[in-house]
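Hi everyone, thanks for coming. Let me put the structure up, and then I'll walk you through it.

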Amino acid sequence: MAPIPGSGLAKGLAVTLRTMTKKTVTEQYPDTQPDLPPRTRGVIGLFEENCTVCMLCARECPDWCIYIDSHKETVPAATPGGRERSRNVLDRFAIDFSLCMYCGICIEVCPFDALFWSPEFEYAETDIRDLTHERDKLREWMWTVPAPPALDPGAEEPKEIAAARKTAEKLATTQPEPTGPTGSNAEPADPAGPRTAPTDPAVPKPGPTDQAGPKHEPTEPRPRPTEPPSQPPAGPTAPEGDAP
């Protein structure tokens with residue numbers, strides 16, 4: 001279908017009329033702070049606990065505006081007879097924002113999540129040399145980094161959580177089942193360990209012959225008398241009238 005002549009001009013004039021009828025609103029900055037999007041590229045925050053001084057961000061920076069200094073420390077062995085290890089300790093982490101072009105390559109290539117975008121933008125200086133901010137300032141900006149957005153309901157589970165869940169399920173399946181009594185009538189295990197039963201003073205303690213080895217009980221129990229004996233027991237008996 002051929003376009004109607006002048007339809008493009010009519011659409012353009014409609015956009016112009018809608019814009020002309022809108023009321024303009026001026027944000028009273030700095031009294032009113034602007035509502036910035038969560039992914040605003042303001043400044044770069046540093047979470048130095050995660051930094052391992054791998055120098056990957058400084059090598060990949062196209063402007064060479066990241067300065068890192070570090071030294072090595074020897075970590076003693078964790079177990080007796082183990083081997084000592086060395087680790088890098090961060091001494092300086094600075095970014096020259098007069099050279100930074102906010103490309104975000106340093107944040108993308110950081111393998112340990114030590115760099116983040118912060119929406120802060122009020123860091124202007126009167127001297128260009130003051131735009132090189134050290135790690136103390138970068139750490140202050142870290143606390144203004146917004147929380148990551150929630151995942152979609154149909155999104156995949158994060159790899160870290162999935163790996164931890166699979167490990168927990170594997171340990172649960174490989175754990176041996178308890179051999180003791182189970183159920184609601186089973187007594188809980190005493191954390192202090194097994195206790196010996198108290199001895200009854202009325203029950204005689206086993207002698208030296210009993211401690212030498214276990215006794216062999218007869219296979220058939222002895223029959224007990226069910227009726228009293230037919231003959232009275234020997235010995236004098238007192239008459240009923242003379243009983244005290």
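So, a nonpolar core here means a set of buried Ala, Val, Leu, Ile, Met, Phe, Trp, Tyr and Cys residues joined through side-chain atoms within 4.5 Å, and buried means under 20% relative accessible area with a 1.4 Å probe, protein chains only. Keep in mind this is a predicted model, where local features need pLDDT of at least 70, side-chain atom pairs count only at pLDDT 80 or more, and totals for chains, interfaces and linings use all residues. Residues are numbered from 1 along each chain as its sequence is written, and side-chain values use heavy atoms, leaving out hydrogens and water.

Okay, the largest core has 26 residues, and among those touching the most other members are Ile44, Ile66 and Phe93. At least two residues each come from β1 (43-46), α2 (56-60), β2 (66-75), β3 (85-96), α3 (105-109), β4 (115-118) and α4 (135-142). Helices (H or I, at least four residues) and strands (E, at least two) are DSSP runs, numbered from the N terminus.

Now the sheet: it's open, with three strands in the order β2-β3-β5, paired antiparallel. Pairing needs at least two DSSP bridges between two strands, and β2 and β3 have 10. β2 and β5 (132-133) are at the edges with a single partner strand each, so one side of each has no neighbour in the sheet. Within that sheet, Lys72 sits opposite Asn88 of β3.

Note on methods. Buried means under 20% relative accessible area, exposed over 50%, partly exposed in between (1.4 Å probe, protein chains only).
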